[in-house]
Amino acid sequence: MKKTPYLAALSVGVCLFSMQLPAQQLRTAYFMDKAPIRSSLNPALRPERGYVNIPAIGNIQFEFMSNSLALDNILYPNPNGSGLVTFLDSRIDANKLLNDLKDRNNLSIDLHSGIFGIGFYTGKSFWTVDVATHINTGVTLPKGLFEFAKRGSGYEGKAYDLKDMQIDLTSYAEVAIGYSKPVSDRLTVGGKVKVLAGLANTRMKFDKMHLQMSQDRWEVDAEGSLEMSINKLEIQNQIDEEDGSTYIDMDNIDVTPQGPGGYGGAVDLGITYKLSDNLTLSGALIDLGFISWSARNSVIGKAADHYTFTGFEVGDEEEINTGDFDKLARFRPVDARGMTTRLNTTLYIAGEYTILNDKIGFGLLSSTQFRTTSTFTELTLSANFRPINWFSASLSYSFIHNKFDTFGAALNFSPSWINFFVGTDYMFTKITPQWVPVSQRSANLFFGLSVPLKKGEQ
Amino acid sequence: MKQTLLYLSILLLGWLLPGCVKNEYDLSKVDTDNIAVGGELVMPLGKVRIDLTSLLPGISSVKVDLPGTFPTLSFDIDAGFDTGILDQLDESTPIYITAAVTNCISEPLLATITFSEDENREAAPVVLFDKAQIKSADQGTTTLTTSLSMEEFRRLAESCMINFDFFTIDKQPKNDVEIMANATLQFVFSVQKSGGIKL
């Protein structure tokens with residue numbers, strides 16, 4: 001009974017941090033004490049045993065997440081027969097798509113591939129060394145873009161504000177050294193230092209994109225920017241035949257990287273506190289860092305243009321048709337400068353209450369990821385089972401981002417010679433024959449294979 | 001025991017997954033034949049602006065004495081605008097016209113506005129407005145709307161004369177009617193298309 005106030009306070013605290021949406025790393029594994037992956041979620045969380053990841057397949061993570069779009073928002077059963085049609089099919093009601101959309105619709109796909117990883121105990125200290133690559137991509141599309149595609153201008157005309165359209169991609173390699181140690185019987189702290197080598201960073205963003213359509217004119221007003229940083233990046237410029245200005249030829253980009261385009265660093269910080277024998281609180285800040293991209297590997301462009309179309313003009317002295325629609329996305333090169341990009345930092349706050357001598361635990365985890373295009377928050381409730389020494393499993397339910405029809409599951413098998421881990425935060429309740437989730441706005445899959453080492457002194 | 005549990009887990013996974021498969025969402029059967037962008041669209045085709053000042057150089061107004069009939073007034077115009085954009089549209093697409101008539105006549109009248117290829121009207125003129133009511137100059141701008149078939153619009157685009165036939169509304173005006181020299185007529189041609197633009 002004494003735990004009730006703690007749990008209530010934890011729940012309120014977690015809810016306060018949970019504002020929007022989901023995903024990032026495998027939250028379902030956060031409370032799995034035998035899974036090596038848990039130290040990547042919180043460096044103060046240590047797996048029961050040390051490990052050596054099997055190269056290339058030791059730690060693979062794939063994630064897709066969106067705050068609004070699922071496959072069944074893009075493809076629909078054919079209204080007149082078998083098969084599928086896209087949302088752009090004229091037979092599909094616009095409301096079917098638009099009702100599910102947010103003002104800004106974010107999609108991201110992340111891939112993490114562990115090249116090498118080892119974790120080992122020296123006394124009570126736990127050390128990790130990891131080499132991995134990351135690819136993070138993100139797209140932000142305004143609702144107006146979909147509305148225009150489905151509804152158009154109407155017969156009376158309409159204006160659309162399509163600002164904040166954005167596409168970005170960041171790829172980097174990391175070498176990380178982690179360390180954790182119990183400070184007392186109740187408190188464990190951990191940290192990880194990462195040296196980052198930036199491989200690619202690109203971002204195209206339109207801060208302004210205003211579309212006005214009426215029976216006598218169409219007007220588009222656009223302002224955008226392009227940033228690219230890749231080692232040995234070579235871009236040809238074209239000359240505008242009308243005004244003689246130069247612009248970046250997007251069809252003629254040559255990339256032959258021979259090394260990093262920038263360097264950076266990051267830290268992970270974690271803490272766990274055993275409030276009582278049954279209740280443990282924890283928190284972590286993951287990937288708090290940056291990559292600095294050198295000016296000589298960077299190209300920056302700006303686009304700003306106004307396009308007006310009124311059709312033919314008879315009788316007016318002044319020409320009203322101005323601009324060239326193609327020029328709206330022509331980026332004029334500006335002086336390259338070094339750029340600094342921050343990583344997608346994640347904040348975890350969690351608590352777990354265990355029963356039956358820790359055989360079963362119930363956890364509540366808030367995870368908030370601060371991405372460059374958006375902030376995703378997810379709240380995950382999990383039940384964690386540790387029935388026997390070499391097997392553990394977790395079932396989770398993430399509240400915010402899964403249309404209330406998915407749950408997560410993770411399994412960790414650790415016989416004496418191998419440790420096999422597989423898990424997802426969004427179990428596929430409906431998938432296509434090609435194994436693509438149908439109605440989930442998020443999907444992730446984590447897989448790991450490692451050789452267990454000796455147990456540590458917990 | 002360990003291996004048995006491992007095998008059972010894999011078997012359970014293999015049993016559950018097929019149950020999740022929605023065959024109606026087979027991504028190899030996506031029909032993209034009916035893709036259209038834009039829903040309902042209004043698209044400008046062009047504008048024709050006519051200033052009577054330019055058509056009647058040196059003349060401040062055309063006075064029509066009462067009583068009597070109103071003669072047809074015909075003016076040369078330099079039309080001949082490009083209709084190439086029509087090739088992108090379905091031939092059955094109607095062309096919508098909005099006309100704004102400003103400072104045209106001193107008394108309200110009915111007007112028939114036609115476009116013809118020559119003054120003699122040997123070829124049937126394109127009737128834009130048939131006995132549409134035009135406000136007097138002091139009553140403000142008159143806005144009229146109508147539509148043409150694509151074939152009519154092409155003929156209009158080749159016209160070189162604009163013709164006005166005026167009629168009294170219900171009774172003979174008390175005063176003589178003047179056609180004002182500073183009259184302006186603006187025709188806005190547009191397309192309203194439902195079903196979007198097919199890709």
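Chain A has an accessible surface of about 19700 Å², and carbon and sulfur atoms account for 59% of this area (Shrake-Rupley method, 1.4 Å probe). The model is a predicted one, in which local features need pLDDT of at least 70 and side-chain atom pairs count only at pLDDT 80 or more. Residues are numbered from 1 along each chain, and chains are lettered from A in the order in which they are written.

Within chain A there are 5 helices and 25 strands, taken as DSSP runs (helices, H or I, of at least four residues; strands, E, of at least two). Of its 458 residues, 54% are buried, that is, under 20% relative accessible area with a 1.4 Å probe, protein chains only.

Confidence in chain B is given by pLDDT, the predictor's score for each residue from 0 to 100. Its mean for chain B is 79. Helix 1 of chain B (residues 2–20) has the lowest mean among the elements of that chain, 58, whereas strand 9 (residues 142–148) has the highest, 93.

Where the two chains meet, 53 residues of chain A and 49 residues of chain B are in contact (heavy atoms within 4.5 Å). The area buried between them is about 4400 Å², meaning the accessible area (1.4 Å probe) that the two parts lose on being put together, summed over both. A:Tyr155, A:Gln215 and A:Phe312 supply 19% of the area that chain A buries against chain B, more than any other three residues.

The interface holds 1 salt bridge (a side-chain nitrogen of Lys or Arg within 4 Å of a carboxyl oxygen of Asp or Glu). It joins A:Arg91 to B:Asp31, with the closest N and O atoms 3.9 Å apart. Helix 5 of chain A, with 4 residues, gives the most to the side of chain A that touches chain B.

Key:
Side-chain values use heavy atoms; hydrogens and water are left out. Buried means under 20% relative accessible area, exposed over 50%, partly exposed in between (1.4 Å probe, protein chains only).
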